[in-house]
Amino acid sequence: MPEEKGLLIVYTGPGKGKTTCALGTAFRAVGQGLRALMVQFIKGSWHYGELDAAKMLGDDKFEIRPMGRGFVKIGGAETDPEDVKLAHECWQTGREAIYSGKYDLVVLDEINYTISYKMLDPDEVVEALKSRPERVHVICTGRNAHPKLVELADLVSEMREVKHPYTKGILALDISMAWFKREKKSIEQTTPPEERRVRTEGLWVKCESCRTIVFRKDLEANLHVCPKCQFHFKMSARPRLEMLLDGRWTEHDAGMTSTDPLKFVDTKPYAQRLKEARKKLGMNDAIITAEGQLNGRPVVMCAMEFSFIGGSMGAVVGEKVTRGIELSIETRQPFIAVSCSGGARMMEGTVSLMQLAKVSAALAKLDDEKLPYISVLTDPTTGGVTASFAMLGDLNIAEPGALIGFAGPRVIEQTIRQKLPEGFQRSEFLLEHGFLDAVVHRKELKAYLANALDLLMN
Ligand SMILES: [Zn+2]
């Protein structure tokens with residue numbers, strides 16, 4: 001019996017559902033015992049449902065490799081060379097997979113789109129597909145499929161939108177999920193109290209991005225970065241300082257405490273909230289000021305603690321940052337702030353807002369003294385902290401994937417009544433739009449800072 005010949009399928013057209021069709025075909029193929037790979041030419045590091053679905057099937061059966069970084073810079077007057085480079089890398093990965101003998105079906109997601117924007121040579125793609133191993137099936141998706149590809153294909157389906165409830169598919173996830181979600185009983189209702197505690201609690205951590213279960217010790221050894229997908233977990237102030245400073249450092253203003261000027265009460269009294277946070281974290285407020293050395297270079301560094309009332313800035317945080325800056329001036333050392341904050345602390349009302357002006361004024365003085373200030377923004381840095389010192393650095397650098405902004409995305413969407421672009425308010429998006437100087441992986445952060453200090457101090 002002659003070996004069955006693999007099909008070449010093209011899903012194209014301006015309507016939605018091209019990738020969904022490819023996924024459906026791939027799921028069927030997997031069900032029939034075939035191994036499938038989807039290489040995504042455009043989709044990048046953000047999270048979406050098909051990744052989870054593929055994981056449930058297992059990497060040996062269906063694998064999805066998102067290799068792009070979004071549509072942001074593609075399709076305008078000029079395509080960013082970085083995206084062209086990525087497109088070539090995707091194509092290389094796809095071609096190698098087709099020829100590897102490892103997969104029965106390879107989906108080249110959005111390859112048509114990259115060809116139509118001249119990021120890939122259509123002849124090269126068509127030639128490679130023409131002479132592929134006989135039994136390998138290939139699916140090419142994306143708008144504006146190239147005529148040569150259409151001619152070569154066994155099946156071409158064109159998606160045409162008649163009606164669609166979303167302005168944008170991926171971003172409308174919240175809306176669509178609401179349709180599918182079933183009302184679930186909470187743990188409280190279904191489980192007797194004595195069984196509610198999970199025994200392994202604390203030992204294992206689930207990655208928020210790829211949902212891999214990681215052994216906590218391994219995660220700590222890896223600087224709280226997911227070893228699988230490089231997702232940067234929040235880092236507490238102390239380990240942060242241990243990571244960035246050499247050996248021992250001197251802590252300043254550790255005893256400073258808030259006085260609860262408004263006698264504020266929300267779901268519980270602010271005084272009680274403070275007391276609990278102090279007891280749990282062994283620190284008096286949401287920031288640590290340290291004087292030490294970074295790869296042999298003397299620095300003053302403030303690191304924020306998100307677990308302390310959301311890393312919010314009240315009188316103590318504002319005062320400690322200000323004193324940190326003043327210490328920098330006094331001792332002629334550069335100043336570094338590592339932010340991780342939900343913004344101003346509402347329980348201290350106007351007192352919190354006054355910190356914005358105070359810190360900004362201190363930074364202006366630092367600038368007059370010609371001493372550098374490097375701001376490191378980590379996930380999340382929002383509200384009053386963004387509006388004051390976090391964006392005022394001589395260098396503003398961020399960790400990958402960090403949420404950075406003033407108001408949250410939901411508030412903005414409700415205000416302007418528009419869907420926001422993909423990856424909006426994440427470090428990479430802000431870098432592309434000129435709000436940041438660099439996005440630096442946590443493993444490279446210390447070396448990067450040392451280098452920057454050398455440049456700024458000379
Ligand atoms: Zn991960």
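Among contacts in the protein chain between residues at least 6 apart in sequence, 72% join residues at least 24 apart, where contact means heavy atoms within 4.5 Å. The model is predicted, so local features need pLDDT of at least 70, side-chain atom pairs count only at pLDDT 80 or more, and totals for chains, interfaces and linings use all residues. Residues are numbered from 1 along each chain as its sequence is written, and side-chain values use heavy atoms, with hydrogens and water left out.

**The chain overall**

- You'll find 17 helices and 16 strands in the protein chain; these are DSSP runs numbered from the N terminus, with helices being H or I of at least four residues and strands being E of at least two.
- Of the 458 residues in the protein chain, 45% are buried. Buried means under 20% relative accessible area, exposed over 50%, and partly exposed in between, with a 1.4 Å probe and protein chains only.
- Accessible areas come from the Shrake-Rupley method with a 1.4 Å probe, and for residues only the protein chains shown count as cover.

**The zinc site**

- Four cysteines hold the zinc ion through their SG atoms: Cys207, Cys210, Cys226 and Cys229 are its protein donors, 2.2 to 2.4 Å away. Donors are N, O and S atoms within 2.8 Å of the metal (3.2 Å for Na, K and Ca), and water is not among the atoms, so sites may look incomplete.
- Along the sequence, the donor residues of the zinc ion follow the spacing C-x2-C-x15-C-x2-C.
- Cys207 sits in the loop between strand 7 (204-206) and strand 8 (213-215), while Cys229 sits in the loop between helix 9 (216-221) and helix 10 (237-244), so the pair ties together parts 22 residues apart in sequence.
- The arrangement is tetrahedral because the four donor atoms around the zinc ion subtend angles of 107 to 112 degrees. Four donors count as tetrahedral if all angles lie between 85 and 135 degrees.
- Cys207 is buried at 1% relative accessible area, whereas Cys229 is partly exposed at 30%.

**Two spots inside**

- Helix 14 (residues 383-390) is largely enclosed by the rest of the structure, because seven of its eight residues are buried. Those buried residues are Gly383, Gly384, Val385, Thr386, Ser388, Phe389 and Ala390.
- Trp91 belongs to helix 3 (residues 81-100) and is buried, with a relative accessible area of 2%.
- Leaving aside residues up to four places away in sequence, Trp91 touches Phe41, Leu108, Ile111, Leu120, Glu124, Val125 and Ala128.
- Trp91 and Leu108 are 17 residues apart in sequence, and their C-alpha atoms are 8.0 Å apart.

- Leu203, Trp204 and Ile213 make a nonpolar surface patch of about 310 Å². Patches are made of residues with over 30% relative accessible area and no salt bridge; like charges are joined within 9 Å, and nonpolar side chains (Val, Leu, Ile, Met, Phe, Trp, Tyr) within 5 Å.
- Trp204 is part of strand 7, and at a relative accessible area of 43% it is partly exposed.

**Salt bridges**

- Side chains of opposite charge can pair when their charged atoms come close. A salt bridge is a side-chain nitrogen of Lys or Arg within 4 Å of a carboxyl oxygen of Asp or Glu, and by this rule the count comes to 25.
- Asp104 pairs with Arg35 in a salt bridge whose closest N and O atoms are 3.4 Å apart. Asp104 lies in the loop between helix 3 and strand 4 (105-109) and Arg35 in the loop between helix 1 (18-31) and strand 2 (36-40), so the pair ties together parts 69 residues apart in sequence.
- Asp104 is buried at 10% relative accessible area, but Arg35 is partly exposed at 31%.
- Arg211 and Asp52 also meet through their side chains in a salt bridge (3.5 Å, N to O). Arg211 is in the loop between strand 7 and strand 8 and Asp52 is in helix 2 (residues 49-57), so this pair ties together parts 159 residues apart in sequence.
- Arg211 counts as partly exposed at 44% relative accessibility, and Asp52 counts as buried at 13%.
- Arg323 and Asp253 form a salt bridge too (3.5 Å, N to O). This pair links distant parts of the chain, 70 residues apart: Arg323 is in helix 12 (residues 315-331), and Asp253 is in the loop between strand 9 (250-252) and helix 11 (270-281).

Definitions and conventions. Tetrahedral: all angles 85-135°; square planar, octahedral: opposite > 155°, others 65-115°.
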